[in-house]
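Hello,

Here is the structure for you to look through. My notes on it follow below.

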Amino acid sequence: MGLYKRYGSKEKYKEGIRNILLAIILVFIAVITLFPIYYMIVSSFGAPTEAGGASYSLIPRSFTLDSYQFFFSYSAYSFRWILNSLIVAAVVTVSNVIFATLAGYAFAKLRFPGCRIFFFIFLVAMMVPYQVTQVPLYILVVNVLNIQDTYTALIAPSIVTCYNVFLAKQFFTSLPTSILEAAQIEGCSQPMIVLKIVIPLSKTILSVMAIMTFLGQWNNFFWPFLVSNTEKMQTIQVGLKNFSFANTTYFAPMMAGATISALPMFILFFSLQKYFLEGVTVGAVKG
Amino acid sequence: MKKLRKEAKWGYIFILVPMGTFIVFTLYPIISAAVISFQRYKPIGSEWIGLENYIHTFKNNLFYKALKNTVVYSVATVPLSMLISFLISIMIIPFRKRIQSAFKAAYYLPAIASGVALSFVWKWIYDPLPSGLLNSVLRVFGISNQNWLGSKKTAMLSLVIMAVFAGLGQNIIIYIAALLGIDSTFYEAADIDGATFFQKIRYVVWPMVKPTSVFLAITGVINGFQSFQNAYLMTGGGPDNATTMAGLLIFNRAFSYFEYGEACAQALILAAIIAVFAMIQFKVSSNDVEY
């Protein structure tokens with residue numbers, strides 16, 4: 001690290017002071033950025049009483065899970081929302097990893113007529129804002145196929161995203177072609193090459209892809225909001241929004257709901273932090 | 001020859017599902033959007049009305065207001081977030097890997113929480129009553145009570161602050177990766193020339209992370225142009241459309257007024273604006289790299 005001045009062994013304490021000063025600033029900013037989350041969790045343990053601004057408190061005054069109970073008893077489908085989110089996110093994640101791997105490998109290592117054009121079309125499609133497709137997609141699902149309020153409607157448009165295909169292709173291109181050719185000469189078929197060589201060599205990138213896809217789907221609000229009309233088929237984000245709409249004055253239960261929607265991702269984040277942090281840079285630095 | 005044919009066969013099989021998904025859920029909707037934009041949409045028997053949707057859009061004052069809001073929002077959010085992230089990244093890098101990761105995680109955590117959940121918290125932070133959180137904090141500094149989301153003066157600012165906070169973590173992680181990629185010989189050369197810390201930042205670090213900055217600026221602005229969720233959940237576009245941005249405008253056209261044709265026309269105009277902007281940015285930044 002050459003940006004900062006290096007101190008000799010006699011002046012080590014100066015480096016210590018500098019680092020402590022930097023740490024104080026950083027912790028101060030971190031406290032501010034983490035504050036909304038802290039506040040959300042702390043407030044969720046308050047009592048579910050109708051209250052205006054008077055109930056603000058930065059430190060927990062009471063500890064009760066009543067607000068969670070209030071949230072879950074609001075709708076008969078509260079648990080179902082969580083289940084729906086889990087099902088949708090899990091299916092989309094698995095399908096994305098499988099199909100993005102296959103297509104990414106094909107675009108990176110196989111030669112077939114049209115492969116460049118197809119990949120180029122994928123790339124261009126990635127840049128089209130979703131506002132363009134939202135109306136026709138809505139018409140397709142609701143008016144033409146008539147499948148609103150089904151898992152198919154929630155899942156199908158995200159089976160495999162252009163972005164994930166692009167990500168897989170970028171990474172697979174860097175795999176040594178010689179290994180793949182050797183396997184081919186040994187009589188290994190293409191599906192076996194993917195299964196036995198490509199996937200084992202790409203575990204990290206595929207884990208990153210899985211986690212980011214799961215996170216994106218879990219937090220996805222817009223599409224489920226459009227295609228789920230019945231409470232039964234809503235995801236947790238949509239249910240949460242409707243809950244807040246009906247209970248604006250119930251502060252603590254709203255925070256309980258928000259905590260419930262965020263907590264699974266926090267747990268995932270703290271157990272798989274490395275992949276999350278890598279997931280942020282993977283599209284940026286290499287792409 | 002036979003090997004190549006086999007390879008081609010597997011190639012097509014492997015891209016079959018992505019291609020199918022793409023055709024049904026991306027390509028078809030894009031074409032369909034173009035068609036609908038020239039129609040007055042009805043479930044059966046849409047009417048062709050030529051350029052009327054486009055003309056109507058360009059005559060609509062709210063359209064220009066939404067574009068202006070979108071630009072203000074992006075232009076305020078992106079550089080602010082980048083600058084803060086850059087400074088924080090610089091402060092993080094002298095620490096050991098473990099501490100770096102801890103800070104990265106702390107700053108990234110808000111990006112993990114769902115937008116809906118965060119919008120609840122921010123709504124109560126921006127509570128207009130004197131007992132509201134932000135109001136109570138600012139009173140200490142002698143700043144009078146503000147109706148954050150309810151006043152035309154502060155509504156956009158409130159959304160910008162929220163977006164800056166949510167985006168910090170991602171930018172910091174990307175900047176740190178770029179900073180750690182700078183070869184130490186550059187710093188050594190600067191040291192030999194007697195460069196101060198701030199000169200090193202100005203003449204070594206800043207030019208070296210420029211590609212990253214360009215990337216963050218482009219993706220940030222593109223995302224900003226498409227932003228919808230915060231405005232929808234926090235202000236609903238109000239007060240008096242002060243926070244109505246392109247994404248929300250199109251959403252309302254389509255799903256509040258059910259004017260699909262006009263919504264598609266507006267979406268295509270937005271796509272064109274984004275495309276032109278992205279091309280200019282790429283051009284400018286590639287010119288810069290050459291010099």
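**A buried residue**

F225(B) counts as buried because 23 C-beta neighbours lie inside 10 Å (buried means 20 or more other C-beta atoms within 10 Å of its own, exposed 12 or fewer, partly exposed in between, with C-beta atoms placed from the backbone). This is a predicted model, in which local features need pLDDT of at least 70, side-chain atom pairs count only at pLDDT 80 or more, and totals for chains, interfaces and linings use all residues. Residues are numbered from 1 along each chain as its sequence is written, while chains are lettered from A and ligands numbered from 1 in the order in which they are written.

F225(B) sits in helix α10 (residues 210-226) of chain B; helices are DSSP runs of H or I, at least four residues, numbered from the N terminus. Leaving aside residues up to four places away in sequence, F225(B) touches T70(B), S74(B), A246(B), L270(B) and I274(B) (contact means C-beta atoms, placed from the backbone, within 7 Å).

**Confidence**

Chain B has a mean pLDDT of 89, and 97% of its residues reach 70 or more (pLDDT is the predictor's confidence in each residue, from 0 to 100). For the complex, the predictor gives an ipTM of 0.88 and a pTM of 0.90.

Regards

How values were computed: Helix = DSSP H or I, 4+ residues; strand = E, 2+ residues; numbered from the N terminus. Contact = placed C-beta atoms within 7 Å.
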